[in-house]
Amino acid sequence: MNHPHTSAGAQREGRPAAAERGHHQQRTGARPFRARSSSAGRQRGAVLIEFAIVAPLLFALLLALITGGLTLSRKNSVTNATREGSRLGATAPRSSSWATDVRDRVRSIAGGDLTDAQICVQLVTSSNVLASGAGSNVLGSECSVIPAPALPAGIAGTTQCVVKVWVHRTSAFEAVVASRIVNLDAFAVSRFERGIGAACASS
């Protein structure tokens, strides 16, 4: 048996309940969504600020590593080239092109890191006097920037001659906020093995 009054009463009682649930969902559902959206926006803003602070430091560190690596590579290159030039000068016979041959050897080994103006070659006696004869000396325009290397210990007073090779080169070390010019000077000294006394001084 149907009870119309009961059904109608339930409907009347259900409508306000449904409406109240809808209002409750609106009150409790929309606000957390806006809160989450606002919180995500603040997090993104904080990340951007942190990146703006850290990025220049990372870039400076990266640039310093790159330029530092290039500087070290150039230093090794000119040092090796200077030693090889000294070895050639110690074993090559005297000729009018002796010094220029040594210089060309240094420039070739350096692989473009040195120019003729940066390379200095000398053949000197045990008294540190330039050996006589043609081809015993070639000095680039930058050789006066640094002093020539000293004679090796025990050479003074002997009849031996000495090959001196030295180079002067600079390289820039960059770190965005600061930069520095680094000298990559290198020296090499060898005993001349192709003769002693008058023999090493003859052309």
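My entries below go from the overall layout to single residues.

**Ground rules.** I am working with a predicted model, in which local features need pLDDT of at least 70 and side-chain atom pairs count only at pLDDT 80 or more, while totals for chains, interfaces and linings use all residues. I number residues from 1 along each chain as its sequence is written, and my side-chain values use heavy atoms, with hydrogens and water left out.

**Layout.** I began with the secondary structure, taking helices (H or I, at least four residues) and strands (E, at least two) as DSSP runs numbered from the N terminus. I found three helices and six strands. Read from the N terminus, their order is α-α-β-β-β-β-β-β-α. Next I checked burial, where buried means under 20% relative accessible area, exposed over 50%, and partly exposed in between (1.4 Å probe, protein chains only). Of the 203 residues in the chain, 30% are buried.

**Disulfide.** Which cysteines are joined in a disulfide? I looked for pairs of cysteine sulfur atoms within 2.5 Å, and one disulfide came up. C120 is bonded to C143, with 2.0 Å from S to S. The bond ties together distant parts of the chain, 23 residues apart: C120 sits in strand β1 (residues 119-124), and C143 in the loop between β2 (137-139) and β3 (162-167). I noted a torsion of about -110° about the S-S bond, so this disulfide is left-handed. Both C120 and C143 are buried.

**Helix α2.** I then followed α2, which has 13 residues (98-110) and spans 19 Å from its first C-alpha to its last, close to the expected 18 Å. That expectation is 1.5 Å times one less than the number of residues. Its buried residues are W98, A99, V102, R103, V106 and A110. They lie on the same side of α2, because they cover an arc of only 135° around the axis; the arc is taken from the directions from the helix axis to the C-beta atoms. Just after α2, I saw that G111 has a positive phi of about 65°.

**N128.** Most residues other than glycine have a negative phi. N128 has a positive one, near 65°. I place N128 in the loop between β1 and β2, and it is partly exposed at 41% relative accessible area.

**Two buried charges.** What is the nearest side chain of opposite charge to R169? I counted Lys and Arg as positive and Asp and Glu as negative, leaving out His and the chain ends. A salt bridge needs a side-chain nitrogen of Lys or Arg within 4 Å of a carboxyl oxygen of Asp or Glu.

- R169, in the loop between β3 and β4 (170-174), is buried without a salt bridge, and the answer is D113, at 4.2 Å. The backbone oxygen of D113 is 2.5 Å from a polar atom of the R169 side chain.
- D185, in the loop between β5 (179-183) and β6 (186-191), is also buried without a salt bridge; K75 is the nearest side chain of opposite charge, 6.9 Å away. The D185 side chain does make a polar contact of 2.6 Å with that of H168.

For polar contacts I used pairs of N or O atoms within 3.5 Å; within protein, one must be able to donate a hydrogen and the other to accept it, and residues adjacent in sequence count only if both atoms are side-chain atoms.

**F192.** My last stop was F192, in the loop between β6 and α3 (198-201). F192 counts as buried, at 2% relative accessibility.
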